[in-house]
Amino acid sequence: NRAEDMSPCNVCPSCKAFLEGRHAGYLEIDAANNGTKDRIQEIKELLKYESVVGKKIILFDEAQNITKEGKDALLLQLEMNDPNVILLFCTTEVDKMPSTIKSRCCDFRLSEPSEKDIIQKLEDICKIKGLKYSRDALHMIVLAVGRHYRDAENKLRQVSMLGDITIENVKSVVALYDSEIASM
């Protein structure tokens, strides 16, 4: 049920499963901790089985941290050119990715999101999770962590452990005393 701009609807079963981290066709790997050849081999074994949801998407976060042997194992997967498997290598250090992998990938340079975009994403998460929130509290989270989706989502998760997403609870988690300090 994608919108006209191709953004997800966030209400259908597939979107909900993805947002809740339980989508059968998506796996996110923290390459900083799981970039060894053995772990890559395990992932490649998973890719051999046909997916019940169609395409399989594997996202490697901090891809520059995959070991040389792990990158070599991934190169073999890339050469198979399986149309049902999409490998995403996310990195801020493109120069640490071997040219053999880079030459087989599409390179997308992402720009920093706006505060408005991140606040909207946090609002969407709050609505899906049934969390009560104030926009001012969400804005304070964004000011405290900078314009990074993941950091904002992690901070939102921490604040939600205290209850509603209020300015007081945000201050408790980010150790800030007012939004002016956060903006500094």
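**Entry 1: Glu112 and Arg147**

I looked up Glu112 and found a salt bridge to Arg147, with the closest N and O atoms 2.6 Å apart. I count a salt bridge when a side-chain nitrogen of Lys or Arg is within 4 Å of a carboxyl oxygen of Asp or Glu. The pair links distant parts of the chain, 35 residues apart. Glu112 is in the loop between helix H5 (99–102) and helix H6 (115–129), and Arg147 is in the loop between helix H7 (135–145) and helix H8 (149–160). Helices (H or I, at least four residues) and strands (E, at least two) are DSSP runs, numbered from the N terminus.

The model is predicted, so I note that local features need pLDDT of at least 70 and side-chain atom pairs pLDDT 80 or more, while totals for chains, interfaces and linings use all residues. Residues are numbered from 1 along each chain as its sequence is written, and side-chain values use heavy atoms, with hydrogens and water left out.

I checked accessibility next: buried means under 20% relative accessible area, exposed over 50%, partly exposed in between (1.4 Å probe, protein chains only). Glu112 is partly exposed at 48%, and Arg147 is partly exposed at 34%.

**Entry 2: Pro113**

I moved to Pro113, which is in the loop between H5 and H6. Pro113 is buried, at 14% relative accessible area. Leaving out residues up to four places away in sequence, I find Pro113 touching Ile118, Arg147 and Tyr149; contact means heavy atoms within 4.5 Å.

**Entry 3: salt bridges within helices**

I searched the whole structure and got nine salt bridges. One of them joins the side chains of Arg39 and Glu42, at 3.1 Å from N to O. Both residues lie in helix H3 (residues 37–47), three residues apart, about one turn of the helix. Arg39 is partly exposed at 22% relative accessibility, and Glu42 is partly exposed at 46%.

I also found a salt bridge between the side chains of Asp72 and Lys68, at 3.2 Å from N to O. These two are about one helical turn apart because they are four residues apart in helix H4 (residues 68–80). Asp72 is partly exposed at 38%, whereas Lys68 is exposed at 59%.

**Entry 4: Lys44**

Lys44 is buried yet has no salt bridge, and the nearest side chain of opposite charge, Glu45, is 7.7 Å away. For charge, Lys and Arg count as positive and Asp and Glu as negative; His and the chain ends are not counted. A polar atom of the Lys44 side chain lies 3.2 Å from the backbone oxygen of Ala73. Not counting residues up to four places away in sequence, Lys44 touches Ala73, Leu76 and Gln77.

**Entry 5: the sheet**

I traced an open sheet of three strands, in the order E1-E2-E3, with parallel pairing. Strands pair if DSSP finds at least two bridges between them. Strand E1 (26–30) and strand E3 (85–90) are at the edges, each with a single partner strand, so one side of each has no neighbour in the sheet. Five bridges join E1 to the parallel strand E2 (residues 56–61). Asp30 stands opposite Asp61 in E2.

I then noted that H3 packs on the sheet, touching E1, E2 and E3, and that its direction makes about 165 degrees with that of E2. Axes are lines fitted to C-alpha atoms, for helices over the stretch in contact, and angles run from 0 to 180 degrees between N-to-C directions.

Technical notes
A polar contact is a pair of N or O atoms within 3.5 Å; within protein, one must be able to donate a hydrogen and the other to accept it, and residues adjacent in sequence count only if both atoms are side-chain atoms.
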